[in-house]
Each structure stands twice: as structure tokens, then as C-alpha cells.
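Study the sequence and the structure, then follow each solution step by step.

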Amino acid sequence: MEKLAQEKIELFPHKVKTTHTIFEVTEGFSSSSPEDLEKKKVRVILAGRVMSIRGMGRATFLHIAGSRSRIQAYLKEDKVGKKNYKLFSLIDIGDFVSVEGDVFKTRTGELTVFVDSYTFLAKCLHPLPEKWHGLQNVELRYRKRYLDLIMNPAERDVFRLRSAMISHIRKFFDEKGYIEVETPMMHSIPGGALARPFKTFHNALGLDLYLRIAPELYLKRLIVGGFEKVYEINRNFRNEGISSEHNPEFTMLEFYEAYSDYNDMMKLTEELIHDLSLSLLGTEKIAFMGKKISVKRPWKRIKFKEALVYYSGLAPDRFDDRSGTIELASTLAPDKKAPSYGKALDIIFDKYVKQNLVQPTFVIDFPKEVSPLAKALKENPDEAERFELVMGGMEIANAFSELSDPSEQRKRFEQQAEARKKGDEDAHLVDTDYIHALEYGLPPTGGEGIGIDRLVMIFANRKSIRDVILFPLLRPKKE
RNA sequence: GGCCCGUUAGCUCAACUGGUAGAGCAGCGGACUCUUAAUCCGCAGGCUGAAGGUUCGAGUCCUUCACGGGUCACCA
């Protein structure tokens, strides 16, 4: 540093001119023959981060990394001049530089820039992690994601895939005539899901507010308002435990379509994920945790209760006994309170069924008790027109034929409020404003939420949600 | 939040049942004009996550705490 200052070299210049990205050069010329390159005289100015330096006396090789590939550069004292060559020894691994020169191939056939001038772009003040093993420490990888991204280029691919997925999803819905909307992140009554919210406070209004647990109730107000197809991709916040499948803030895609129901949503979901698989991965078979997930349509559908019976191996009438079912749930999950029949079924479902469903499966017709925003089934008032999509053992999506009868909705909210009084902190509050909106008429509507992070996990073959979220929540480290 | 495991140099890892904390890479100095985990010679690098305890003696055993991972609980 001091030496560089003595030489009056600017350590953090404002601007750099480049002619190509490193990727353009490696893509464009890797297959060119050495003779071709010599004839064409491909002259380039490239910028990137120095990842390795191999000094050979009066010649030096280095690798410079761009965002998508790296390229070798070759420095020779004869070429850059004695003074510049000597100054180059002040460059450290990790520094940003730009190099200008012709592209050629070395004896070993590696595409290389024959440097005749170079410029410092930014100094790296810390040594980079070890070049061979890279950064392995998971805590450091999440805390200092930038280092993870520098050292483990495959991690960059995960986030490129994530970005590509989201832009494909937008395209998919836009082409179907959906409009993308943004609804409030701060709610005075948290709703739309069974979960605990984060609480905050608005000073000027003197108002308690909650970070949203779901956009659902606002999106349906928009259907009431006359939009027929809406979607939103944004963050939800749930004040719950952290695990390899849960981050307190996570990205949810929700979409609602008037004049449709949960059957239409199943078709749409199949189409969307099948599309994504073909365009992002180029296959119908996704490799996930050593297994192949086939997204070939149509996908399996199984009724919630049939799934319970099938995977638990218990007799079908076993689940008709309400108190017996609650008892079974408490033996399966002793720490868990099973306050209701519906909740108990949910527990048994999680225990027996979910992990076994690797191939995409629509589990349909959930207990109405745990589906307060879904229409009841015509043939069976205890069940709701609701499905969950399970893939790779994870719940990926949740959808229903939206309950539109305001008085029925009020009743359901009241039941929820009752459960809440009994200690179920996830239960809904009565949202009278939402009921009022329904009183103006919600047409038959299908709605769905898809957990984007988990879908990325499957597409990127990652076991932990933290691997697909750039900055997962960690406890701050005390110095 | 419960249980289990982990935390040693900037990074990746060693150190036997308690007996003087080491290596590779990175860094610094030197040699080397087609190397690629370059090579060769030399140097430096540490309150072993924190605080207590047991012991003549603790990286190692015990207790508490911090952070992380796994798992269960809550949930998507």
C-alpha cells in the first residue's frame, strides 16, 4: 500500500474502460486455434479480480476472474517494461485490475491475454481464503456471502438460477394476462396464513403493525375490485423457528384468478413448474438429493385422508375417531399440543406422508378445520377444496378455491378466534374489513401460494434454504 | 426453545490415554522469461471462541456462556 502510494498509483480509481467482459472472450475464443488468434490479433481490455499469481522471474502468469468465467493473463518484463513489471509485484491476490493486450494461446492451449499494460482498479486489503479448499466454514459462508461468492463460483450459479426462475415466472404470468401487483407489507391485522407475525410500531399514527405473513387477503380484495388475474412475488415474514426449510423472511409467489377453482390451479401449477424445468434445466427430470424428480404431466393426485391411510398403514376408520386421532397425534409428537381434530390430522400428515412424497404430488381436500379461507367440498362439508403440492418431501405450494361467502367467512374467522383463545397463537383474527370486501362479491376464484425458496432448492439441488437465500438470518456475532 | 455435534494462524486442517501448539495455502524476503494446486531457499504468523474450575501441568477433563451445524418442536 505504502509503496503504491509512493509510486503515486491510484488505488481506487473512478473509472475503467473495457472492451469485452471476460466471459465474452472465453466464450468467443476458447475454441479458436492458436494460429487463428495470432492472425486475427484480438486486442482486448479486460477487468476482473486477480485470483492467482504465478511468478516465474521475468514472466508472470495470473488468473483474472469475471462474473461468469476466468481468464489467464501473461506478463513479460520485455513487453510491459522493467518498471511496470517490478510494480506489478505489488499486486496481491484479490485485487481488481484491468489488463490490455492481445489474446493468444499458451503451449498448453490455455486462452491467455498477453499483457502490455495494466491498471489497478481496487486494492484487496485482506488475504483471500485458501485457493484450493476455498471457503468451507458454513458460518463464514453465510455471514460473509461476498467471500463465498468470490471463492465458490458454483454458488453464484445458484443465485443466477434463482434470478432466472423469477424472471421466467413473471413472463409466464404476464403472458397469461395476469398483472403483477404490490400489496402492503405492514398489516394492522395479520392474516392469510396460520402463523405468528413480527410486530412493529408506527410512531406518527401510534399504531401497532405486523409484518405480513401472507398477501392473500389483499390480493383477493383486488379480485373484488375487478382485476381478474393478479400475482405478487415478494417477501413474507413469519416469527417462527429457523431450520433448513425455514427462514424468517422468505419469498412467496401468490396468484389469484377469477372464474377458476383449485382444479384449474393444479393445471396451472403443473404447467408452470414443467415450463420452468424445461427452460431452466432443459429436462423433465430434476436431480434432487440423489433422486430424480419427474415433472412430466399429469402429476399424482391423492386425497388427504387417503394419503394418511396409505402412508400410515392404519385402518381408514381409525381417523373417524376424533379423540383417538388427537391421541395418536400426541404420541407421534409428544412435545406438540394437538388442540383440535384438524390440527391432529395435520400432524399425522407431516409425520407419515410428507417426507415420502418425492415426486410432485397434489394432496387434495384438506380438513376444513385447518383451511379457514377455502370453500368447503360440496359432497363433504368437513373437507375443503384445498391442495398442497409436495415435492422432494417438502411442501411447495398451497392453494384453494377461495371462500367467497361473507357470512361463512365470518363464521370461520370466529372459530379461529375461538381456537386462538384456547392458545392457538397461529389462528386467524377476525378481519372485518376483509369480510366487508367479500360482501361486495368475490367471484369464484382459485388462488395459490408457491414457496420460491424451496422451489429454488429443488432446482438447484440444495438441502438447506440458507444456500438459496443470499443473506439468511443469523444471530449477529459479538466482537 | 429441547437434544446431539462443532469452534486451534487470514483460509483448510493436525496435535494418542492431560506433558514445550504444527503443516499446507495465503503473507513477507530471495532465485527463476509458457506457468497453472508452478517449483526451490528463507522469514514471520497463536490468550487454542469467552469466563470459571480440577490438576504440579489443560487445545485435551468439568461447569457456564457465545456463535454455528444437525435434529425435534412451531411453520411454508
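**Exercise 1: A pocket**

Determine which element gives the most to the lining of the second largest pocket.

Solution. Helix H14 gives the most, with 7 residues; helices (H or I, at least four residues) and strands (E, at least two) are DSSP runs, numbered from the N terminus. The model is predicted: local features need pLDDT of at least 70, side-chain atom pairs count only at pLDDT 80 or more, and totals for chains, interfaces and linings use all residues. Residues are numbered from 1 along each chain as its sequence is written, and side-chain values use heavy atoms, with hydrogens and water left out.

Next, H14 (406-421), helix H13 (341-353) and strand S15 (361-367) each supply at least two lining residues. A pocket is an open set of points on a 1 Å grid over the protein atoms alone, where a 1.4 Å probe fits, with protein on both sides within 12 Å along at least five of seven lines; lining residues have an atom within 4 Å of a point.

**Exercise 2: A cavity**

State how much space lies in the largest cavity.

Solution. The largest cavity holds about 70 Å³, a volume being the space filled by probe spheres set on the grid points, which are joined across faces, edges and corners. In a cavity the probe fits but cannot get out. Among the residues that line the largest cavity are Pro 190, Ile 213, Arg 420 and His 428.

**Exercise 3: Contacts**

Identify what Ile 458 is in contact with, leaving aside its neighbours within four places in sequence.

Solution. With contact taken as heavy atoms within 4.5 Å, the partners of Ile 458 include Ile 286, Phe 288, Met 391 and Ile 396.

How values were computed
Chains are lettered from A and ligands numbered from 1 in the order in which they are written.
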